[in-house]
Amino acid sequence: MLGPDKKYLSIREVAERTGVPAYTLRYWEKEFTQIKPERHSGIRKYSSQDVEFIKKVKELLYTRRLTIEGVKKYLKVDRRKKKNIDLFDFAQGETEIDSKAVLDIKKELEEVLEILEN
């Protein structure tokens, strides 16, 4: 992804490739511990994993319209289950999902509803 001769990208290059401004990237570093650019002489250098994670965060925030906290919860659930169950695709019938996952989702929604009713 970075090219055969590049191991890291500068913040400017990441901003150009992802369409996320540099100041937003610096903010996301504080919010998401998964973004860990190395520093060489004080200059941020992003790996291909950093860039892919940034693209995922951008998609969740801007396309799916989640909040920062919503993205953190989504990523936590995604990591915990070790399986990406895309609820948006599921709702559109584009993904197969097992009945246990559906029951887990139903239980979580019932818990949220109970909290909201109190």
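Which residues have the most contacts inside the largest nonpolar core? In this predicted model, they are Leu-25, Trp-28, Phe-32, Tyr-46 and Ile-54, and the core has 20 residues. Helix H1 (11-18), helix H2 (22-31), helix H3 (48-63) and helix H4 (68-81) are the elements that give two or more residues to this core. H3 contributes the largest share, 6 residues. As a general background, nonpolar side chains in soluble globular proteins tend to be buried together.

Now consider the chain as a whole. Its secondary structure consists of 6 helices and 3 strands. Read from the N terminus, the elements follow the order β-α-α-β-β-α-α-α-α. The chain has 118 residues, and 30% of them are buried. Its accessible surface is about 8,600 Å², and carbon and sulfur atoms account for 53% of that area. Contacts can also be sorted by distance along the sequence. Among the contacts in the chain with a separation of 6 or more, 46% are between residues 24 or more positions apart.

The next step is to see how the helices meet, starting with H1 and H2. Their axes are 9 Å apart, and the two helices pack at an angle of about 105°. Angles of 65 to 115 degrees count as roughly perpendicular, so H1 is roughly perpendicular to H2. On the H1 side, the residues in contact are Ile-11, Val-14 and Ala-15; on the H2 side, they are Ala-22, Leu-25 and Arg-26. Sorted by class, this contact has 5 nonpolar residues, no polar residues and 1 charged residue.

H2 also meets H3. The axes of these two helices come within 12 Å and cross at roughly 95°, which means that H2 is roughly perpendicular to H3. Here H2 supplies Thr-24, Leu-25 and Trp-28, while H3 supplies Ile-54, Val-57, Lys-58, Leu-61 and Tyr-62. The contact of H2 with H3 divides into 6 nonpolar, 1 polar and 1 charged residues. Leu-25 takes part in the contact of H2 with H1 and also in the contact of H2 with H3.

Trp-28 deserves a separate look. What does Trp-28 touch, not counting residues up to four places away in sequence? Its partners are Val-20, Ile-35, Ile-54, Val-57, Lys-58, Leu-61, Tyr-62 and Ile-68. Of these, Ile-54, Val-57, Lys-58, Leu-61 and Tyr-62 lie in H3. Both Trp-28 and Ile-54 are among the residues with the most contacts inside the core.

Notes:
Residues numbered from 1 in each chain as written. Predicted model: local features only at pLDDT ≥ 70, side-chain atom pairs only at ≥ 80, totals over all residues. Heavy atoms only, no water. Core = buried A, V, L, I, M, F, W, Y, C linked by side-chain atoms within 4.5 Å. Buried < 20%, exposed > 50% of the residue type's maximum accessible area, 1.4 Å probe, protein only. Helix = DSSP H or I, 4+ residues; strand = E, 2+ residues; numbered from the N terminus. Contact = heavy atoms within 4.5 Å. Axes fitted to C-alpha atoms, helices over the stretch in contact; angles between N-to-C directions. Parallel < 35°, antiparallel > 145°, perpendicular 65-115°, else oblique. Nonpolar A, V, L, I, M, F, W, Y, C, P; charged D, E, K, R; others polar. Areas by Shrake-Rupley, 256 points an atom, 1.4 Å probe, with all protein chains shown as cover.
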